[in-house]
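Please open the structure in your viewer and keep the sequence panel beside it.

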Amino acid sequence: QGKEREGGVSLGGNIYYPAFALLVGMEDQKDGSLEKCQFPVTRLPVTLGRSHNTNDPNFVPLGSSKALSRNHCLIYYRDVAGGRLGQYGDLDVDELVYQPPAKKRKEDDGDDDEDDDGEQDV
């Protein structure tokens with residue numbers, strides 16, 4: 001785990017408590033080396049992004065590079081109907097809440113050339 005192999009780096013890890021996922025990667029060190037880092041996702045949704053002052057318990061800082069936005073990536077659970085499951089609110093609230101899917105603006109007419117917002121599909 002985390003040891004260099006010929007042609008690359010092997011990543012992986014173990015967690016010893018309940019989590020939705022384990023994010024594993026490599027982090028640049030001040031001396032120019034890389035070090036394995038991992039973060040267990042224990043709350044949903046979780047936002048990954050550039051470090052900044054926030055009280056959001058679901059935020060994971062990825063560093064201070066301007067190449068990252070403050071809300072660079074959002075990880076959440078979505079069911080096949082489009083509903084979301086997550087923990088919204090205080091740190092002390094670990095209850096999962098289901099948010100039903102948003103209603104469609106208009107019925108799909110079967111035309112795959114345009115989105116519901118009138119923009120051309122690419």
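**Stop one: the largest pocket**

Begin with the largest pocket, which holds about 420 Å³ of space. Of the 15 residues lining this pocket, select Met26, Glu27, Cys37, Pro61 and Leu62, which are the closest to its centre. A pocket here is an open set of points on a 1 Å grid over the protein atoms alone, with protein on both sides within 12 Å along at least five of seven lines, and a lining residue has an atom within 4 Å of a point. The volume is the space filled by probe spheres set on the points, which are joined across faces, edges and corners.

What you are viewing is a predicted model, in which local features need pLDDT of at least 70 and side-chain atom pairs count only at pLDDT 80 or more, while totals for chains, interfaces and linings use all residues. Residues are numbered from 1 along each chain as its sequence is written, and side-chain values use heavy atoms, with hydrogens and water left out.

Next, colour the strands that contribute to this pocket: β3, β4 (34-41) and β6 (59-61) each supply at least two residues of its lining, and β3 gives the most, with six. Strands are DSSP runs of E with at least two residues, and helices are runs of H or I with at least four, numbered from the N terminus. If you colour by class, the lining shows nine nonpolar, four polar and two charged residues, where Ala, Val, Leu, Ile, Met, Phe, Trp, Tyr, Cys and Pro count as nonpolar, Asp, Glu, Lys and Arg as charged, and the others, Gly among them, as polar.

Select methionine 26, which is found in strand β3 (residues 21-28) and is partly exposed because its relative accessible area is 32%. In this scheme buried means under 20% relative accessible area, exposed means over 50%, and partly exposed lies in between, with a 1.4 Å probe and protein chains only. How far apart in space are cysteine 37 and methionine 26, C-alpha to C-alpha? The two are 5.7 Å apart, although 11 residues separate them in sequence.

**Stop three: a cis peptide bond**

Move to the loop between β4 and β5 (46-49), where proline 45 lies, and look at the peptide bond from leucine 44 to proline 45, which is cis, with omega near -10 degrees. As background, most peptide bonds are trans.

**Stop four: two contacts across the sequence**

Select tyrosine 88 in the loop between β9 (84-86) and β10, together with arginine 43, which is 45 residues away in sequence and 9.0 Å away in space, C-alpha to C-alpha. Finish with alanine 102, in the segment after β10 (97-99), which is exposed because its relative accessible area is 74%. Its C-alpha atom is separated by 7.5 Å from that of glycine 82, 20 residues apart along the chain.

**Stop five: the whole chain**

Note on methods
On a 1 Å grid over the protein atoms alone, a cavity is a set of points where a 1.4 Å probe fits but cannot get out, and a pocket is an open set with protein on both sides within 12 Å along at least five of seven lines; lining residues have an atom within 4 Å of a point.
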